[in-house]
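This briefing is intended to be read beside the sequence and the model.

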Amino acid sequence: MANPHWLFGDQLGPSFIKAGADGPARDAPVVMIESRYVFRRRRFHRAKAHLVLSAMRHRAAELGDRVTYVRADTYREGIRQAVGREPVTVHHPTSRAALRLVRSLDNVTVLPPRGFLVPQEDFAAWAGGRHTLRMEAFYHQVRRDHDLLMEGAEPAGGTWNLDHENRRPPPRGARSLGASPPYRPREDAVDEEVRRDLDRWERDGDVSFVGRDGPRAFPADRREALAALRRFLSHRLAGFGAHEDAVLADDPTMSHSLLSSSLNLGLLDPAECVEGAEGAWRAGEAALNSVEGFVRQIAGWREYVWHVYWYFGEDYRTSNALGHTGHLPDWWNELDADAVSARCVATALRQVRDTGWTHHIPRLMILGSYALQRGWDPAAVTDWFHRSFVDGYDWVMLPNVVGMSQYADGGRMTTKPYTSGGAYIDRMSDLCGPCPYHPDRRTGEDACPFTAGYWAFLHRHRDSLGRNARMSRAVRGLDRLRDLSALLEQERERAGADTPP
Ligand code: FAD
Ligand code: SF4
């Protein structure tokens, strides 16, 4: 009889049970463990808890008699309960804590990771000896190695990067991009059971969640994930590129793929996503800027983030290059969007509260930027993103929040902090018009919290950012502000009050 194979809750697609030299034995019995302790430890978004549990239970139902599904307090207890001391295989888990756990169990053999395009050895070979690990250079290597969007040795269209075509503001006057709606699943009996369990856990006082658990909005099984991918490729990919960085208050999804949770649960393989997109370009169904933009997100950013999580080591988690120690206010922790007047923050927070998802720009240039300007503790900000987003996992949150969004790694991932004044948000969205604040004002009642916050942030880090070639000009701009003292006083008062903007 083959050794059992253990599936974590983010290893739910077919590739995680594919037999082979670096996979489980053919027809290996499968073990899955549902640990309530995970939800007890931290206050997750309820829609996230729902999605993960629904996806695990859907997978267990598909595997039928082949799976032993254990409900236990901890993974350690669960695996003992399922197999005793019998030898078990497991694919390399996605977090350092889970890897430590499986390595500490002497009956567990850890197989290589699945669900990513680039093996860890290839990343190490690419990274070894490099002074800086920039995503762009890594992405070119992935394109070459995987023959993705290539024409011989050259990138398709003669250029690697079409970002300049993909940073357009929203169409003037439009309230929506007019993209075909994204795939949305229909809930079933498994979802009903999950919702009943979550209600009961909350009633028992066992766990506490935040956010709304509306109808499930993201795929929970392979069939749904494939339907979402097909729908994106055939109806939405063509419009993906041009307005990728734009934000519209009434159109949260625009042309984004909404595939992150399916990829991160293991329901989709990145190869099928990027190959599907390339196929659409070769068939003349989508222009190169859209297809390259999408391939860059998955073959570039997603792979890069996965590898730097492991490459930068455990200490990366506690990086705090800017020495930020501020706490997250209650309105933020509670996702209390209705308490917020600043239209951009209220809009992004509302999307998180209602769905556990926003697209990249609200995460980076609204929520993340707000936290960075206020000097909140990057570890607490990372934890908040992890708990509040349906696609949040340790490996993906750490580089995205510690590195990209909070610049807490001092520039190991990005060349400068991602933050801006209100003018950027105004240019890239329709949010500022009806907002009680004004993007051009930095002092006074209607001073935009992003514009004032940007200057206060630059002032606080004047010395270190002044030495950064990409920030020094902006820092010198502080000298031209005649109202700097008033602005700093105003921001001190605002921060002290802890009230929503
Ligand atoms: P699309 O815009 O359609 O992009 C396609 C795919 O590319 C995504 O599904 C995702 O799998 C991948 N991708 C793009 N950028 C990244 C990135 N920086 N890191 C990893 N994958 C990427 N992504 C997550 O998957 N989980 C997270 O917890 C997460 N947290 C983030 C936190 C912050 C502060 C920031 C700035 C970004 C974060 N991202 C995260 C990256 C990105 O915002 C989301 O992947 C994306 O918004 C998900 O929506 P989508 O599927 O429609 O993406
Ligand atoms: Fe946000 Fe400032 Fe624009 Fe209001 S004016 S929506 S606070 S950027």
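**Briefing on the predicted model**

R100 is located in helix 4; helices (DSSP runs of H or I, at least four residues) and strands (runs of E, at least two) are numbered from the N terminus. The model is predicted, so local features need pLDDT of at least 70 and side-chain atom pairs count only at pLDDT 80 or more, whereas totals for chains, interfaces and linings use all residues. Residues are numbered from 1 along each chain as its sequence is written, chains are lettered from A and ligands numbered from 1 in the order in which they are written, and side-chain values use heavy atoms, with hydrogens and water left out.

- R100 is exposed, with a relative accessible area of 51%; buried denotes under 20% relative accessible area, exposed over 50%, and partly exposed the range in between (1.4 Å probe, protein chains only).
- Between the C-alpha atoms of R100 and H243 there are 42 Å in space, and the two are 143 residues apart in sequence.
- Helix 4 (residues 96-104) lies across strand 1, strand 4 and strand 5, and runs at about 135° to strand 5; such angles, from 0 to 180 degrees, are taken between N-to-C directions of axes fitted to C-alpha atoms, for helices over the stretch in contact.

- Five strands, in the order 3-2-1-4-5, form an open sheet with parallel pairing; two strands pair if DSSP finds at least two bridges between them.
- Strand 3 (67-72) and strand 5 (108-111) stand at the edges with a single partner strand each, so one side of each has no neighbour in the sheet.
- On average, neighbouring strands of this sheet are turned by 30° against each other, direction ignored.
- Strand 1 (residues 5-7) pairs with strand 4 (residues 88-91) over two bridges, and W6 stands opposite V90 in strand 4.
- Strand 1 also pairs with strand 2 over three bridges, where V30 is the bridge partner of H5.
- Strand 2 and strand 3 are joined in the parallel sense over six bridges, with V31 opposite T68 in strand 3.
- Six of the six residues of strand 2 (residues 30-35) are buried, so this strand is largely enclosed by the rest of the structure.
- From strand 2, V30, M32 and E34 point one way, while V31, I33 and S35 point the other way.

**Helix 5**

- F123, W126 and A127 are the buried residues of helix 5 (residues 120-127).
- Viewed down the axis of helix 5, these buried residues fall within an arc of 90°, so they line one face of the helix; the arc is that of the directions from the helix axis to the C-beta atoms.
- E121 and A125, on the other side of helix 5, are exposed.
- The cover over the buried residues of helix 5 includes helix 6 (135-145) and helix 11 (288-311).
- G129 follows helix 5 and has a positive phi, near 85°.

**Helices 10 and 11**

- Helix 10 (residues 270-282) packs with helix 11 at an angle of about 165°, their axes being 9 Å apart.
- Helix 10 is therefore roughly antiparallel to helix 11, a description applied to angles over 145 degrees.
- Residues making the contact (heavy atoms within 4.5 Å) include P270, C273 and W281 of helix 10 and L288, F294 and E303 of helix 11.

Terms used: Angles under 35 degrees count as roughly parallel, over 145 as roughly antiparallel, 65 to 115 as roughly perpendicular and the rest as oblique.
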